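Thanks for making the time.

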Amino acid sequence: MGADELILSHAQELRRGTVVLACLTLLEEPQYGYALLETLGDAGVAVDGNTLYPLLRRLEKQGLLISEWNTDESRPRKFYRVSPEGTRVRAGLLREWRDLGASLSRLTKGER
């Protein structure tokens with residue numbers, strides 16, 4: 001496996017954990033899955049629908065998201081929003097993200 005392939009593989013692993021934090025952040029305002037997929041993509045967080053929809057269901061099952069069906073339009077859509085517990089988890093994950101970023105910054109600057 002070449003360096004480029006290794007970089008892609010490891011970059012994908014790095015992104016996996018960030019998708020949860022991104023979803024909990026973006027879903028402060030209710031969104032349906034496809035709109036969330038587009039918003040994430042526009043922000044540079046590339047995620048496939050086959051990854052996002054199971055993730056949304058898992059986060060809902062964990063009590064981090066609340067979903068509601070909107071049947072006002074011709075096509076029913078399931079909207080997701082962050083729950084109070086999801087807000088607390090997001091705050092904790094954001095702290096961890098910032099701490100990790102600061103640690104990596106120190107390591108890459110030789111401040112060990």
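This is a predicted model: local features need pLDDT of at least 70, side-chain atom pairs count only at pLDDT 80 or more; totals for chains, interfaces and linings use all residues.

Start with the largest pocket. By those classes, its lining has five nonpolar, two polar and four charged residues. The volume of the largest pocket is about 230 Å³. If you want to find it on the screen, look for Gln12, Arg15, Arg16, Val19 and Val20, then Ala46, Val47 and Asp48, and then Thr51, Leu55 and Arg58, which together line the largest pocket. H1 gives the most, with five residues.

Now the second largest pocket. Its volume comes to about 200 Å³. The residues lining the second largest pocket are Tyr32, Gly33, Tyr34, Tyr53, Trp69, Arg75, Pro76, Arg77, Lys78 and Tyr80. Here the elements with two or more lining residues are helix H2 (33–42) and strand S3 (77–82). Which element has the largest share of the lining of the second largest pocket? That is S3, with three residues. By class, the lining of the second largest pocket has six nonpolar, one polar and three charged residues.

The largest nonpolar core has 19 residues, and the members that touch the most other members are Cys23, Leu40, Leu52 and Leu65. H1, H2, H3 and S3 each give two or more residues to this core. The largest share, five residues, comes from H1.

Let me stay with Cys23 for a moment. Which residues does Cys23 touch, not counting those up to four places away in sequence? The list is Leu36, Leu40, Leu52, Leu55 and Leu59. Two of these have come up already: Leu55 is in the lining of the largest pocket, and Leu40 is among the core members with the most contacts to other members.

Last, Arg95. Is Arg95 buried or exposed? Arg95 counts as exposed because its relative accessibility is 53%, and the cut-off for exposed is over 50%. Arg95 sits in helix H4 (residues 84–108). Between the C-alpha atoms of Arg95 and Ala11 there are 21 Å, with the two residues 84 apart along the chain.

That is what I have; I'll take questions.

Key:
Residues are numbered from 1 along each chain as its sequence is written. Side-chain values use heavy atoms; hydrogens and water are left out. Helices (H or I, at least four residues) and strands (E, at least two) are DSSP runs, numbered from the N terminus. Buried means under 20% relative accessible area, exposed over 50%, partly exposed in between (1.4 Å probe, protein chains only). On a 1 Å grid over the protein atoms alone, a cavity is a set of points where a 1.4 Å probe fits but cannot get out, and a pocket is an open set with protein on both sides within 12 Å along at least five of seven lines; lining residues have an atom within 4 Å of a point. Grid points are joined across faces, edges and corners, and a volume is the space filled by probe spheres set on the points. Ala, Val, Leu, Ile, Met, Phe, Trp, Tyr, Cys and Pro count as nonpolar, Asp, Glu, Lys and Arg as charged, and the others, Gly among them, as polar. A nonpolar core is a set of buried Ala, Val, Leu, Ile, Met, Phe, Trp, Tyr and Cys residues joined through side-chain atoms within 4.5 Å. Contact means heavy atoms within 4.5 Å.
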